[in-house]
Amino acid sequence: MRITVQGLTKRFGPLEVVSKVGFSIEEGEMFTLLGPSGCGKTTLLRLIAGFYTPDEGEIQFDGRVINDLPPQERGIGMVFQNYALWPHMTVYENVAYGLKLRSIAPAEIAERIRAVLEKVKLGDLGNRYPGQLSGGQQQRVALARALVLNPKILLLDEPLSNLDAKIRIQVRAEIRKLQKELGITTVYVTHDQEEALTLSDRIAVFSKGKMLQVGPPKALYERPQNRFVADFIGINNLAEGTVEAVDASRGRLRLRTGFGELAAVMDERFRPGDRCVVSIRPENATLDGEAAPGRNMVKGNIVFAAYLGNTLRYDVDLGKGVVFKVDIRDPWHHEQRPMGTPVSVSFEASSTVAMPAES
């Protein structure tokens, strides 16, 4: 099922929670709505589900406008943040509930439940009650209840937020594998950047009801189009600056920034004199690198080091309170530098991204 959203707006009183949003989701795609709490992503999911009616715009399923179609006729399956399981019903009864409302024959119900419980690895737990299950198992029951209806679209609203970190990683991998196996169009809501990057074919980033950028995880991480996306997804070094020169022949911008004078990736939006924000990921920088064509270099002193297991993160003070983060991805073979050590930080111009300051 292909989903198209055009100019979608939803207001609650004077507050515009979703503002003129538009995008398309291809059949079989895992599409994630990512943003902080209160940005409108769950409201948008509920508009697609039919729980809310839009004030403006259209929602189309395979080209058919479904704005006024009730939820039960949209061919969707939904998994809620709190799972919404009946505590007095067994796993089998919870999963069977929707099928019984559709007056499906008992033999078919039994077969469909058997098959779906096997898919979510709960084949031997049909007689247990939700209170006898772990959080990860309850989440699988909620997923099975949605999938057993053979929906054309699967909607998931922060389904892993109640799980601890280790189980969350395991279950999200299972969701992705199952979604690919079934080829079902899926819309996934989360505020967790890592979750979005791991699961998604494409991600739409939201802030204050507006969609700021949409694209594959790699594009959003490596080439953010505005400061909010650069700052929200992962750790970043950000500084304001001015475009001094545009060298289209070499594919470079020359910038004057809070980090110093830098060369950055070409961006046709800029002209000399334009204000900008520059972005460099900590993992793209190295300590004590040599100056070379195509590389930027700044100097400072180490003021802090954080050991994160697979990463050692340095804070380098460039002067006047400007701090630049550098990630060492192999701390096992790196001797930690003491505080106050003077260092040179270098990074490729190709990993230096400029964005319009007004975004």
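**Reading cysteines and strands**

Modeller: Let us begin with the cysteines: the structure holds zero disulfides. Please bear in mind that this is a predicted model.

Biologist: Are Cys-39 and Cys-276 buried or exposed?

Modeller: A residue counts as buried when its relative accessible area is under 20%. Cys-39 has a relative accessibility of 2%, so Cys-39 is buried. Cys-276 has a relative accessible area of 1% and is therefore buried.

Biologist: How should I read the pairing of strands?

Modeller: The strands of a sheet pair through hydrogen bonds of the backbone, in either a parallel or an antiparallel manner. Here, strand E9 (residues 202-207) pairs with strand E10 (residues 210-215) in the antiparallel sense, over five bridges.

Biologist: Which residue in E10 is the bridge partner of Phe-206?

Modeller: The partner of Phe-206 is Met-211. E9 and E10 form a hairpin with two residues between the strands, and Lys-208 in this hairpin has a positive phi near 50°.

Biologist: In what order do the strands of the open sheet stand?

Modeller: Five strands make up this open sheet, in the order E13-E12-E11-E14-E20, and their pairing is antiparallel. Strands E13 (260-265) and E20 (353-356) lie at the edges; each has a single partner strand, so one side of each has no neighbour in the sheet. From one strand to the next, the twist averages 45°.

Biologist: How many bridges join E11 to E12?

Modeller: Six bridges join E11 to strand E12 (residues 252-257), and the two run antiparallel. Within this pair, Asp-247 stands opposite Arg-252 in E12. E11 and E12 form a hairpin with four residues between them, and Gly-251 in the turn has a positive phi of about 65°.

Biologist: What joins strand E11 to strand E14?

Modeller: Strand E11 (residues 237-247) and strand E14 (residues 275-280) are joined by six bridges and run antiparallel. Leu-238 stands opposite Ser-279 in E14.

Biologist: And how should I think about the side chains along a strand?

Modeller: In a regular strand, the side chains alternate between the two faces of the sheet.

Technical notes. Residues are numbered from 1 along each chain as its sequence is written. This is a predicted model: local features need pLDDT of at least 70, side-chain atom pairs count only at pLDDT 80 or more; totals for chains, interfaces and linings use all residues. Side-chain values use heavy atoms; hydrogens and water are left out. A disulfide is a pair of cysteine sulfur atoms within 2.5 Å. Buried means under 20% relative accessible area, exposed over 50%, partly exposed in between (1.4 Å probe, protein chains only). Two strands pair if DSSP finds at least two bridges between them. Axes are lines fitted to C-alpha atoms, for helices over the stretch in contact, and angles run from 0 to 180 degrees between N-to-C directions.
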